[in-house]
Amino acid sequence: MSEDKGNPPKDEKKGGEKPSTSRATEFDVEAIRNFLAEKLSLLSSGGGADDEADARRAPKVLEKVDFDGLMQHWKEKGFRNIVTMVGAGISTSAGIPDFRSPDTGLYSNLQKYNLPHPTAIFELDYFMDNPQPFFTLAKELYPGTFKPTPCHYFVKLLHDKGWLRRHYTQNIDTLERIAGIPGEKMVEAHGTFFTNHCLGCRKAFTMEWMKEEIFSDRVPTCSSCNGIVKPDIVFFGENLPMEFYELPQKDFRDCDLLIIMGTSLEVQPFASLPDKVNDTCVRLLVNRELVGNRDTIWSLFTRSSAGKMEFGMPESRRDVAWLGDCDDGVQAIADQLGFGDELRDLVKREHARIDAESTEEPKKPAQPSKEPKKETSEPPKESKEAEKGKTD
């Protein structure tokens, strides 16, 4: 193997430098500041209860706060700054397990790896001592084995129609990229298999090189320093990508429709993003169950009580839930808006393309056609602001 084998082209995504402490703790600092300001009446004469009462008296954003009412609003007035937030639930129909479902979730099926506890497989300290379990699991889950779902292609169509502001994903399966969603439109909050770096010297390696190593049952090691090469997914003990700290403030301020799909909204700080939208932003949940209506310690630290989600609640003024399989939900939306057949045809056509490419080049992972690559800097290294870099 030559020393340059697996090196990415110059325009491939690079990892970012470690974000500053202020950026990495932006969510916590802002939340605590606003909580104390509210409770100590530093910013207003009213208390939390008064703020909540004001929010209840605010006019409804939707004339009819249900799915049909939202669809009617979309058809009549439109949305031009849509933000999507997704978790593992949008990939389960592709055959990728989620993490927390009883019996079928990934954490319930790791006994064969003899781990001290299920999450150890994604902990940096454990990985450094024993990387083999992770790479054995990675072989089972590796991108290129699975095809994007209708949810992925729905987001692609939102982009094609000029409606998508940003796509925030907890998933590391790269199915968004295979579906053709441009890299600059995405924030891969928990990292990705798309890029890989040596943990020693930070040398970059391509996805194709990593796949060859994993499917040869080798622990990938660096050709320069013999360090372990790890996919750029976020483990416990690592920071989230810089984009996660830099982009939400403006994205969610300007967002007019937030679509949340296939997530439990349990993993922080990702789960706090819906609280950052402006007061007139409509929020649509497409999920198997209601989530986000939390009355927890964390909810005390949102920007204001008005940010609390009210999916399925009679007092809701802008929060709408569609409960069921995510694929059925996005198809229902597309049908209502008149591009249902376009979505069905896109899924069928792209799946046929991926099958044909897999037959012609079985060792090469499926790639989106003409997908622009996102430029960033070096990925952040260890931080005490740790969060598991996986989907929820």
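Trainee: Which residue in E6 is the bridge partner of Gly191?
Mentor: Ile233 in E6 is the bridge partner of Gly191. Strands are DSSP runs of E, at least two residues long, and helices are runs of H or I, at least four, numbered from the N terminus.

Trainee: What am I looking at?
Mentor: A predicted model, where local features need pLDDT of at least 70 and side-chain atom pairs pLDDT 80 or more, while totals for chains, interfaces and linings use all residues. Numbering starts from 1 along each chain as its sequence is written, and side-chain values use heavy atoms, without hydrogens and water.

Trainee: Back to E6. How many bridges pair E4 with E6?
Mentor: E4 (residues 191-198) and E6 are joined by 5 bridges, in the antiparallel sense. Pairing takes at least two DSSP bridges.

Trainee: What's the strand order in the sheet?
Mentor: E5-E4-E6. The sheet is open, has 3 strands and pairs antiparallel.

Trainee: Which strands stand at the edges?
Mentor: E5 (204-206) and E6 (229-233). Each has a single partner strand, so one side of each lacks a neighbour in the sheet. On average, neighbouring strands are turned by 40° against each other, direction ignored.

Trainee: Which strands does H6 touch?
Mentor: H6 packs on the sheet and touches E4 and E6. The direction of H6 makes about 60° with that of E6. Contact here means heavy atoms within 4.5 Å.

Trainee: And H9, where does that lie?
Mentor: H9 lies across E4, E5 and E6, at about 75° to E5.

Trainee: At what angle do H6 and H9 cross?
Mentor: H6 (residues 132-141) and H9 (residues 207-215) cross at roughly 110°, and their axes come within 9 Å. That makes H6 roughly perpendicular to H9 (65 to 115 degrees). Axes are fitted to C-alpha atoms, for helices over the stretch in contact; angles run 0 to 180 degrees between N-to-C directions.

Trainee: Which residues meet there?
Mentor: Phe135, Ala138 and Lys139 of H6 meet Met210, Ile214 and Phe215 of H9.

Trainee: New topic. How many aromatic pairs are there?
Mentor: The whole structure has 14. In one of them, Phe122 and Phe134 have ring centres 6.4 Å apart and planes at 80°, so the pair is edge-to-face. Pairing needs centres within 6.5 Å, and edge-to-face means planes over 60 degrees apart.

Trainee: Where do those two sit?
Mentor: Phe134 is in H6. Phe122 is in the loop between E1 (82-86) and H5 (124-129). The two are 12 residues apart, and their pair links distant parts of the chain.

Notes: Angles under 35 degrees count as roughly parallel, over 145 as roughly antiparallel, 65 to 115 as roughly perpendicular and the rest as oblique. Rings of Phe, Tyr and Trp (its six-membered ring) pair if their centres lie within 6.5 Å; planes under 30 degrees apart count as stacked, over 60 as edge-to-face and the rest as tilted.
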